[in-house]
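Trainee: Could you walk me through reading a structure like this one? I would like the general idea before each case.

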Amino acid sequence: ATVRAAQSPIVAPDTFLAFAADNVEVDSATDTVTLTGGANLDLLPRMPGKSARALQLHAERAVVFLATGTLAKLKKGTTEIDASSVTGIYLEGDVDATDFQYTVRAKRAYYDLQMNRATLVEGVLRTQDRKGMPIVARAKELRQYSQDEWQADKLVVSTSEFFEPHLSIGLERATITRTWQDEPEASPGVAAAGGGGAGMGG
């Protein structure tokens, strides 16, 4: 039997953000940090677990938006910020995001940490079903609402990494969610449904 995973936030509570790039510009007037020349951002839970996964973000450029007054309180030269002070993260150019259950590539992405949602433009999501078969979902816009829930319109789902797979399923609208086997050691799986009841599952 399977059960739907609990709706954990995209970024786990009690998490900190570590960042690095070739060029880092800090603007205390607007409470933003701009990263160019290869942006690397790690959202790391202090107590990691199944529902508290790390999130790694990479892009050519990124802007981190912070709550008012955050930078004024930080020590000069710091590269770590408590995630509760981060309101949003914008990334563009070869965006790559992974929590080691899902991997997504996109042209642009915005993570709204206050509203607990992310939008990825021209996104390609890669994961596996319960049997270990790869699942690749492509859409002009992917929307994430929790660690384990994605939605998209005009989605193409296949089991191939190729841009034009031999076999695929086209869906007008779909939700991709992670389900867990009730056995403690069972691996997770993914189910997608949409387009008048079409679906893919493990």
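This is a predicted model: local features need pLDDT of at least 70, side-chain atom pairs count only at pLDDT 80 or more; totals for chains, interfaces and linings use all residues.

Trainee: What kind of aromatic pair do Phe-65 and Tyr-110 form?

Mentor: Aromatic rings count as edge-to-face when their planes are over 60 degrees apart. The structure has two aromatic pairs. In the one formed by Phe-65 and Tyr-110, the planes are 65 degrees apart and the distance is 6.4 Å centre to centre, making this pair edge-to-face. Phe-65 belongs to strand E5 (residues 55–66) and Tyr-110 to strand E8 (residues 103–112), so the pair ties together parts that are 45 residues apart in sequence.

Trainee: And how should I read the nonpolar core?

Mentor: In soluble globular proteins, nonpolar side chains tend to be buried together. Here the largest nonpolar core has 41 residues, and Leu-41, Leu-57 and Leu-91 are among those with the most contacts inside it. E5 gives the most to this core, with six residues.

Trainee: Which residues does Leu-41 touch?

Mentor: Leaving out residues up to four places away in sequence, the contacts of Leu-41 include Leu-17, Phe-19, Leu-57, Val-64 and Leu-91.

Methods. Residues are numbered from 1 along each chain as its sequence is written. Side-chain values use heavy atoms; hydrogens and water are left out. Rings of Phe, Tyr and Trp (its six-membered ring) pair if their centres lie within 6.5 Å; planes under 30 degrees apart count as stacked, over 60 as edge-to-face and the rest as tilted. Helices (H or I, at least four residues) and strands (E, at least two) are DSSP runs, numbered from the N terminus. A nonpolar core is a set of buried Ala, Val, Leu, Ile, Met, Phe, Trp, Tyr and Cys residues joined through side-chain atoms within 4.5 Å. Buried means under 20% relative accessible area, exposed over 50%, partly exposed in between (1.4 Å probe, protein chains only). Contact means heavy atoms within 4.5 Å.
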